[in-house]
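Hi everyone, thanks for coming. I'd like to walk you through a structure today, so please have a look at it while I talk.

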Amino acid sequence: MSTEPLLELSGVRAGYGSIEVLHGVDIALPPGAVVALLGPNGGGKTTTLKVCSGIHPVSSGEFRLGGHVVNGASAAELARLGICSIPEGRGVFPNLTVRENLWIATGTGVSLAELEDVAYTRFPILGERRTQLAGSMSGGEQQMLALSRALGTNPTVLLLDELSMGLAPRIVSQIYDIVGELAAEGVSILVAEQFARAVLPIATSAALMLQGRVVRTGDPAEIEEELSTSYLGG
Ligand code: ATP
């Protein structure tokens with residue numbers, strides 16, 4: 001397997017209006033890797049993922065995908081190139097049923113039958129609840145729905161933001177087990193997590209993000225330890 005990064009940010013700067021919040025971010029996501037983006041609130045993790053999904057522009061620096069510079073590509077273009085994102089809060093429509101939520105992803109060119117097949121094979125509980133409103137399901141089931149919608153589009157890169165939010169630890173570990181299976185199937189995954197311990201079992205490397213910069217990359221357990229002792233008062 002190639003170790004050339006599939007997705008790479010080099011010296012990326014980005015901001016909101018005149019306020020710069022990413023001050024030269026460097027991240028490399030090799031094929032099939034799970035890179036955990038760790039760090040306290042406000043460090044720039046979500047903004048970094050937004051840049052990678054094309055919903056937030058790069059002011060300067062380079063965003064490369066498969067070695068090609070894709071600065072300025074739209075979210076739709078990046079989705080066609082295989083980038084799929086599950087935003088913080090899951091992006092599930094609570095007033096639509098499971099099936100209708102899957103239908104939304106048919107906009108990417110995949111059929112509802114294919115999406116349902118992927119979803120109900122991997123998560124049989126979603127098949128049982130296909131006519132239930134998504135908002136009436138548990139947080140874990142909603143996260144499974146969000147993952148199903150993403151998987152149905154056959155992504156090469158998955159961007160995940162705070163999957164653990166609002167979920168019980170047991171459910172968090174089930175969800176991350178599934179994310180680990182996806183990585184084993186060859187999907188490359190960049191995952192932002194404040195609850196660093198949740199992602200440790202599956203992360204191949206970690207990047208510590210503070211105040212708009214990646215200040216260290218390396219072994220996930222070592223970075224989690226540094227984070228909890230130095231920055232989160234653990
Ligand atoms: P969190 O886990 O709290 O979401 P984070 O590490 O993901 O933190 P970001 O959400 O990327 O960090 O925020 C980085 C900085 O950008 C913060 O100072 C935040 O206040 C600022 N910021 C984020 N979104 C906006 C916005 N829409 N407008 C202005 N500033 C923003």
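Let me start with how helices and strands are named here: they are DSSP runs, with helices being H or I runs of at least four residues and strands being E runs of at least two, and both are numbered from the N terminus. Residues are numbered from 1 along each chain as its sequence is written, and side-chain values use heavy atoms, with hydrogens and water left out. Please keep in mind that this is a predicted model, in which local features need pLDDT of at least 70 and side-chain atom pairs count only at pLDDT 80 or more, while totals for chains, interfaces and linings use all residues.

With that naming in hand, let's go to a loop. N154 is located between α6 (139–151) and β7 (157–161). N154 is not a glycine, yet its phi is positive, at about 55°. For background, most residues other than glycine have a negative phi. Is N154 buried or exposed? Here I call a residue buried under 20% relative accessible area, exposed over 50%, and partly exposed in between, using a 1.4 Å probe and protein chains only. N154 has a relative accessible area of 66%, so it counts as exposed.

There is another such case in Q211, which has a positive phi of about 45° although it is not a glycine. Q211 belongs to the loop between β9 (205–210) and β10 (213–218). With 68% relative accessible area, Q211 is exposed.

Now to the ligand. How many residues surround the ligand? The answer is 13, and the closest are N41, G42, K45, T46 and T47. To be counted as near, a residue must have a heavy atom within 4 Å of the molecule. By class, this shell has three nonpolar, seven polar and three charged residues. In that count, Ala, Val, Leu, Ile, Met, Phe, Trp, Tyr, Cys and Pro are nonpolar, Asp, Glu, Lys and Arg are charged, and the others, Gly among them, are polar.

Next, the polar contacts, meaning pairs of N or O atoms within 3.5 Å; within protein, one atom must be able to donate a hydrogen and the other to accept it, and residues adjacent in sequence count only if both atoms are side-chain atoms. N41 places a polar side-chain atom 2.6 Å from an oxygen atom of the ligand. For G42, a polar backbone atom is 2.8 Å from a ligand oxygen. G43 also uses its backbone, with an N or O atom 3.1 Å from an oxygen atom of the ligand. On its own the ligand has 630 Å² of accessible area, and the protein covers 59% of that. Those areas come from the Shrake-Rupley method with a 1.4 Å probe, and for residues only the protein chains shown count as cover.

Which element gives the most to the shell around the ligand? That is helix α1 (residues 45–53), with three residues. Seven of the nine residues of α1 are buried, so the rest of the structure largely encloses this helix. The buried ones are K45, T47, T48, L49, V51, C52 and S53. Just after α1 comes G54, with a positive phi of about 85°.

Let me finish with some buried side chains elsewhere. S188 is in strand β8 (residues 188–193), and at 1% relative accessible area S188 is buried. What does the side chain of S188 reach? It reaches the backbone nitrogen of G32, at 2.9 Å. S228 counts as buried because its relative accessibility is 15%. Its side chain reaches the backbone oxygen of E225 at 3.2 Å.

Then there is L29 in strand β2 (residues 19–29), which is buried at 0% relative accessible area. L29 and L6 are 23 residues apart in sequence, and their C-alpha atoms are 5.8 Å apart in space. L37, in strand β3 (residues 34–38), is buried too, with a relative accessible area of 0%.

That's my tour, and I'm happy to go back to any part of it.
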